Amino acid sequence: MSALELALRLGAWLVCSVFVLAMAYLFHRQLPMGRPALSAISLMVLGIFLTTLLLFLAGLLGLLRADRLAAIGFSGLVLMAAIPAWRRSLLQIPRDFRALSHDLRRFWGSLPRWLRIFSAAAVLASLLRFAFLIWALPPFVWDSLTYHLTNVAHWTQVGKIELFDTPILRIYTPANYEVLATWFTVFLHHDAVVEAAGIPAYLLATTAVYASARSLGCSRPASWMGAMAYASTPALLLATTGTKNDPHVAAYYLTSLALLLDLAGKRRAVDPRQSLSSMFLLAVTLLLAAGTKAYIAHLLPGLAAIAMLPPGFRRTLPHWRERITAARQGWHSLDAWTRRCLMLLLSGAVLLGGYWNVRNWALTGNPFYPYGVNIAGARIFNEGERTARLNFARLVDNLESLADKFGDAAGPIEPDLPETTGWGWFFYGPGLAAVIFVCFTHRGLRSLAWGFLLSLLVLMLSIRPSPFNMRYLLWFPAMASLAYSCWLDDLPSRPRVLPIVALIAFGGALALNLATTLNYNRVSLDRFGLMLERPLWERQAALLKLNMPSEYEHAILFAPAGEPLGYNVGSDGFVYPLYKADFSQRLTYVPVSGSDDCGSIAARMRERGTRYLFVAESHTPGEVIQRVRDCAQDGGSLAEESRGLYVIDAGS
Amino acid sequence: MSSTQEARPRAGAALVLLASLIALAWYGQGQLLHSLAFLYQVAQAVFPGLPVTPGGP
């Protein structure tokens, strides 16, 4: 990529970012939250939501190109400047920015000096870690290479959000995360920074923990320490730059928690506009989550319990009736233009929340395709290669699996969490001790703990027992962080040894959490060296050679760039690496079975418009590999170009 | 506040701290080597004289 092209692409990204941020700001102004932490949450949720919505609509219209998105962004900015009410609002940005800066200074000033120093060091170390890992490594996590990034690569390549022919049926699952991840590929037309797609969720989750701690009555320093502790959770850190959608679901869960705690809090005066804002954002957040991953539905009973318990069981109904009445008053206090804008925003959220399932329903008769649904033995939806079941046998299996992984003693914490929970040093050390203690002393935390436990149990009741299902629990360690915040405020300052030991344990746990995530516990120094010796634009997932056979590297090196590459992998095979980092490789799926004769394999390749067929050990079914090898050895029309790469009509 | 009332939060805090330290030691048995493995690998690259750990990453 030339310097001029890079500058133009970055310019397009900047214009579009300014447009989305300006939109988020306009809506944010209409949704006053009354507290700085909740205001920050509102701005982040709106930013994530509007970015996703813009790309989603552009994708459906086939406009996923840097130049077209820049044109949309520029036109949008001109339109905003042309509408007097919006222009007036946008002119308030400098004033609001000064207020934000004042709030941040007040927050920073409220922290003791040692905590400011520790925080600055932690933030700097975290920034450097994120920046280095995003810059140095291509994506390598299993689910990403199988389906998350396969969608991203296809959409970026063709400039359109669409389904395509592939054996990876999980491309059908709700894909709001993948739409957002496309924001990190479409402008550069490269995956160099796609791992940053988890950072917005990471920041949102951390801020939500801070806001929740404040709602529980914790001081600013204690809430901040709780938020830092959660931010250091190894499973979260690894998934954030692991191009997975679980940090987003965790962020939406914790955001909903923060908003519910604010709404359920008895101490807060009922303000109509603030009640409306919180409820509105709650709806947007949950709809965004519904279109990200279906298991948010399994977490809802826990959230409902958290909403009901803090006001007190008997007070629940009157409390929420009061809140809803206030929100209705807030709605009627808005002018007609603002109401229309907010309705439009909510319609966008409904679209993002429901599109994927409705599309699947229309195409396959099953909204949850490729997952069939089975509740207490009754089949609700048949279609699909996997089945989501709701029964107690699964609960027992999943709880046993959790018990085996509890304590993280079975192995290193890796991104797929095959042997561990990944909750890390803080959770199992200071966090867990604080949970047990604070549950006896703090009523609000006790309600929260019940809610978290209920979410966990319902999830365990329904998810498929698998070695990799700990990834659904990234939100769970937040409970220990919140308990720790509550406990810190009650920590006596005398004798001095108590706070000193507490802070050493806290700092040590966070440092060890960070240390365990420096290389994902997977990537050795020589692999880093292998990537760093290449220019940024040439770092390919297939060349990392970490978790895939050498056939992928051969395909990247030897498949001709100008021709489509045919591939055959199973339903869990890697497709993403074949697109190449700049999405230049066109792909086409060639269905082959072990019983096909050589002539029909060649005919099918021609039919699909390709001369090349890629197969790989442990990704392509063994009988297909054997068949293709036999065909090449027979000296017929199929020849082996390099390991795993076969060609027909080699001489032409 | 009576001395008993003052002593109660201290005893509670001390109990939590003691439990934290025990839990950290328990957790460290399984995770300490994994957590420090990469840093040790970096240290080995910087100081080649450091002993090689068997079974390291």
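Angles under 35 degrees count as roughly parallel, those over 145 as roughly antiparallel, those from 65 to 115 as roughly perpendicular, and the rest as oblique. The views below show a predicted model, in which local features need pLDDT of at least 70 and side-chain atom pairs count only at pLDDT 80 or more, while totals for chains, interfaces and linings use all residues. Residues are numbered from 1 along each chain as its sequence is written, and chains are lettered from A and ligands numbered from 1 in the order in which they are written.

**View 1. Packing of helices α12 and α13 in chain A.** Helix α12 (residues 246-264) and helix α13 (residues 272-290) of chain A pack at an angle of about 160°, their axes lying 9 Å apart. Helices are DSSP runs (H or I, at least four residues), numbered from the N terminus; axes are lines fitted to C-alpha atoms over the stretch in contact, and angles run from 0 to 180 degrees between N-to-C directions. α12(A) and α13(A) are therefore roughly antiparallel to each other. The crossing of α12(A) past α13(A) is left-handed, that is, the near helix is turned anticlockwise from the far one by less than a right angle (clockwise for right-handed). Residues of α12(A) that meet α13(A) include Val249(A), Tyr252(A), Leu259(A) and Asp262(A); among those on the α13(A) side are Ser275(A), Leu281(A) and Ala289(A). Contact here requires C-beta atoms, placed from the backbone, within 7 Å. By class, this contact has 10 nonpolar, 5 polar and 1 charged residues (nonpolar: Ala, Val, Leu, Ile, Met, Phe, Trp, Tyr, Cys and Pro; charged: Asp, Glu, Lys and Arg; polar: the others, Gly among them).

**View 2. Packing of helices α10 and α20 in chain A.** The axes of helix α10 (residues 220-231) and helix α20 (residues 478-489) of chain A come within 8 Å and cross at roughly 155°. That makes α10(A) roughly antiparallel to α20(A). Their crossing is right-handed. Among the residues that meet are Met225(A), Gly226(A) and Tyr230(A) of α10(A), and Leu482(A), Tyr484(A) and Asp489(A) of α20(A). The contact comprises 9 nonpolar, 4 polar and 1 charged residues.

**View 3. Domains 1 and 2 of chain A.** An automatic or database domain assignment supplies the bounds: domain 1 covers 31-64 + 111-140 + 173-515, and domain 2 covers 528-648. Their contact takes 11 residues from domain 1 and 15 residues from domain 2 of chain A. The domain 1 side has 7 nonpolar, 2 polar and 2 charged residues. Over C-alpha atoms, 38 Å separate the two domain centres.

**View 4. Contact between chains A and B.** Here 25 residues of chain B are in contact with 30 residues of chain A. The chain B side has 16 nonpolar, 8 polar and 1 charged residues.

Conventions:
Two residues are in contact if their C-beta atoms, placed from the backbone, lie within 7 Å. Helices (H or I, at least four residues) and strands (E, at least two) are DSSP runs, numbered from the N terminus.
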